[in-house]
Every structure is written in C-alpha cells, then in structure tokens.
Amino acid sequence: MLRHHQCLWWLLLLLGVIMGMIPYLEGVVINNKNQVIKTKTYMTPLFTLKPGSVVERFYYNTNFPKGRIAIKSFDVEVVDEAANPISLFQTYLHHWGILRYYQHKDTKDPNTNTPFTQLHKPNFIIASNNGVCQKHALPQFFGTGADSRKTSSFLPNPYGIEVGNEKEVPLGYEEKWVLNIHVIDTRGVEDRIGCIECKRYLYNVTKDGLGVTLEDDYIGGLRCCYDQTQCKVKEGYEGEERNLYVRYTIKWVDWDDNLVIPLKVYIFDVTDTWKLLIDSTGAHEGHNCLVEYNVGSCSSINKRGDQCNATKMVKLFSPTSGYIVYGMAHLHVGGLGSMLYGEDGRHLCSSSPIYGNGSEIGNEDGYVVGMSTCYPKPGSVKINNKEMLTLISKYDPTQNHTGVMGLFHIMVAQKLPNSLIHMETLKEFADDKTSM
Ligand SMILES: *[C@@H]1O[C@H](CO)[C@@H](O)[C@H](O)[C@H]1NC(C)=O
Ligand SMILES: *[C@@H]1O[C@H](CO)[C@@H](O)[C@H](O)[C@H]1NC(C)=O
Ligand SMILES: *[C@@H]1O[C@H](CO)[C@@H](O)[C@H](O)[C@H]1NC(C)=O
Ligand SMILES: *[C@@H]1O[C@H](CO)[C@@H](O)[C@H](O)[C@H]1NC(C)=O
C-alpha cells in the first residue's frame, strides 16, 4: 500500500518535470529560429572640418533597420575617409543623438541644417522617448558624446526597445529616424577646453543659431558653437580641411511578443525646473529641461550653499513603475559622477566618468572617454509610479566650466522574465551574435 502510494508520487513528480520542461524546450527552438542578434553599421554623408570649425548636422531619414524590431544597442564613432577613428584631441564629439519622427507621406525630408526642434505638425511629429522633458527637449533614444567610446549601450536579454510597430504610426505617416551630430575641430586652437565648452569669447558671436541675440551674461554653451561657427585658432596655424563621417552601429533582434520584453526610455536632466501645473484636465508636470548649465569655481564661502552648481540636485516624479534594466549618465569634462536615488533614499543607479590618461584614441588625456553603466540584477531595482526620485550630478568644485550637462538615462521594464529557466536560456544568446 505504502509502496503503491510512493510509486504514484514519483509518477506525478516525473510528469511535473516533463510538463515543466515543455516551455523550456519550446523556448530553445523558437530562439534558435528567431532570436538572433543582428548587427548593421552605417555611415553618414561626409562633412568637412577645418581647424576650429564646428559642424552640427541633422541627418534625416538616416539608414535604420526596417520592420518591427527590438533595439539592443546603438554606438557611434567619428572616422576619416579611410575609416580610421579620429582622436578627441582633434575632433571633439560634443554630442550625438538618434531620434524617431513620423513624416507625412506627402512631405519631403528636411535638410541637414534644420534642427529637429523646427519640425512641426502636420508634416512632422517627433515620436520621442518616454520622457520626461518638455516637447522637443531630449527626445532621443540613445545619445551621448565624447564619452561614447567606453560607454556600453547594450541592453541585456530578454530586453529591447520596440520600434517599427506600424500600429503606432499615425495613418498617412512613415516612421523615420534622424541622427543629430555636433562636432568641434580643435586642431590648432588657442584653448582646447574653452572651444569644447563653447566659451563665447572664443567664438566671438552675438547671436545664437536661430538668430536670437545672446544675453550679455551668456558666457558660453551650445548657443555659441552652432554649425559653421569658428573657435579661435592660434595665430598663424595652418591646418588642412578634412572630410569625416560618423559611423554608427545598431544591434537588434526581430520583434517577438513572447521573447522580448520592451523597455521604456527616460532621460532626466538635473537642470529640470519643473512645476506642477493644475488646469481643467487635472494636475500635470510642466517640465523645463535647460540641458546645459555652468559650474562656477567655488570659493570656500559659496561651496557650502553650492551656488556654483558643482553639486546639483533635482527631485522628479518617477514617470512609471517598473524595473531598471540599464542606467547611464552623461557628464562633461570636470564631472565626478551622477547618482539616482528613490524616495526612501535607496540607491537606484550611479554612473561615473572614465577619464582618458594617454594619447591613444579612446584614452585621450583629460577627456571623459566613457561613463560607467548600471545593469542591476533582474528585478532588484524597482521604481514606483509617482515616487519622488532624486538626481544628483557632481562636478569638480575647483574648476570653472561652461555648458556642462547632467543627464541620466534609464531604461525600464514593466515586467520580469517569466521564469529563471527562461532567463538563462535567453542569456546564452547574448554571445550568439551574428553579423549581417
Ligand atoms: C569679432 O566679430 C566682430 C564682428 O562681429 C569683428 O569686428 C571682430 O574683429 C571679431 N573679433 C575677433 C577677435 O575675431
Ligand atoms: C547654475 O545653473 C543655473 C542653471 O541651472 C544657472 O542659472 C546659474 O547661473 C548657474 N550658476 C553659476 C554660478 O554658473
Ligand atoms: C591610466 O589609468 C589606468 C587605469 O586607471 C592606469 O592603470 C594607468 O597606469 C594609467 N596610465 C598612465 C599613463 O597614467
Ligand atoms: C573662475 O571664474 C572666476 C570668474 O568668473 C574667476 O574669478 C576664477 O579665477 C576662475 N577660477 C578658475 C580656477 O579659473
């Protein structure tokens, strides 16, 4: 009797194991068929730089994988005509960003000098990331600058950013992508750091790129170093014009509802002076991201109150609930680090600059050549909707810097993988990269 009972027990257990294995086996088969990470590398059109010159371009309708996909990574590199990477000492990549827009089918592509902030309905709709800044401010999915080379942008399995879903594109429109690049040629300039920080006196400008007169107290920043401006070069310096390109590499997997968990993309800005606005539709957040700020060298007096912006802090409502899967800050030269905390003070993610200390490409002395990233263990870092987050951005208080940034990117999953088995199976495929 007892023996019979035991036998049945074992049978049930065995059945359970087999049943449990079915989704596992299916997962493997499906993955073998579809879950291949694809890679494609594209080049922008060439642009020409001479010593001290600035190029800002908006490459509309830029090459991008077609169809419904999950983006896994996006990386850029500035290269010359022989495809050799260019040193930051010569060409500083101030920033780049890849963003999505919908273009009406009867509309022509804008030219490469049109900032995306000038795209308007009904011809164009910016299909931005998930937030949180005001319209047209920081709408990119991926973007950094000189720090790109040593910053990982890879999103671990089974996560990805879903794009190319036709159901989301308004009728009569097409989904397209624009790559914004901003580079500064610093060969032979009088003050390399001054040029890359867009100090006004080095550019000798009175108006910004849109023709608006600069305020007297605007000492530097992006409004001084727009396309075709010129930073001061050493007297008598002769340098040739040269043609460069931006090469960008995208990794992705084909979309699959069962195998990919979509990520939401958020960018927080430490300069965001948002306000709670209340109108007939209720309360909403009026964001005001300034993108840039200046760090004034602190004296021992103002260091305490930190009016010199060396340590800057903002509190922001979490725009969503979910699990942080990836985090990364963007800081300029002088940056020490950036931290994101939850309402109860728990640490969510920190990202620190990696400074170059050599002469070779990717390790340029004194430049921020990378940012450390966060890849929390799946499910370990949860944020709650409307939780008050704190973002801190730190710069060296002993130096003056103009036009610095304090951005923090997070990518958030709203669910976790079904089971650990599922997770393990998918993980193996991270190494199974194939090229196209
Ligand atoms: C600055 O620009 C003004 C004209 O806008 C010009 O007269 C002046 O010579 C320039 N200064 C330098 C140092 O290039
Ligand atoms: C600090 O940054 C704010 C903008 O966020 C700016 O208005 C202010 O002038 C900056 N302070 C200094 C000392 O540069
Ligand atoms: C540069 O930094 C790395 C890592 O911090 C260190 O190992 C190396 O010795 C440094 N090189 C020089 C030339 O200082
Ligand atoms: C920073 O700028 C202030 C004036 O704005 C100047 O007095 C100070 O000497 C500068 N500090 C450094 C370290 O350059």
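Two strands are taken to pair if DSSP finds at least two bridges between them, and strands (E, at least two residues) and helices (H or I, at least four) are DSSP runs numbered from the N terminus. With these terms in hand, the bridge partner of Val314 in β22 is Leu391. The structure is a predicted model, in which local features need pLDDT of at least 70 and side-chain atom pairs count only at pLDDT 80 or more, while totals for chains, interfaces and linings use all residues. Residues are numbered from 1 along each chain as its sequence is written, and chains are lettered from A and ligands numbered from 1 in the order in which they are written.

The chain holds five helices and 24 strands. Of its 436 residues, 39% count as buried, a residue being buried if 20 or more other C-beta atoms, placed from the backbone, lie within 10 Å of its own, exposed if 12 or fewer do, and partly exposed in between. Contacts are pairs of residues whose C-beta atoms, placed in this way, lie within 7 Å. Among contacts between residues at least 6 apart in sequence, 77% join residues at least 24 apart.

We turn next to the sheets.

Elsewhere, β4 (residues 69-80) has two antiparallel partners to consider. Three bridges link β4 to β7 (residues 159-163), with Ile69 opposite Val163. Another 11 bridges join β4 to β9 (residues 242-254), and here Ile71 is partnered by Trp252.

The largest nonpolar core has 99 residues, and Ile324, Val325 and Val412 have the most contacts inside it; such a core is a set of buried Ala, Val, Leu, Ile, Met, Phe, Trp, Tyr and Cys residues joined through C-beta atoms within 7 Å. Beyond four places in sequence, Val412 touches several residues, among them Leu263, Tyr266, Ile324 and Val325.

Val54, in β3 (residues 54-59), is buried because it has 23 C-beta neighbours inside 10 Å. Its C-alpha atom is separated by 4.6 Å from that of Ile184, 130 residues apart along the chain. Apart from neighbours within four places in sequence, the contacts of Val54 include Ile184, Cys225 and Tyr226.

How values were computed:
Contact = placed C-beta atoms within 7 Å.
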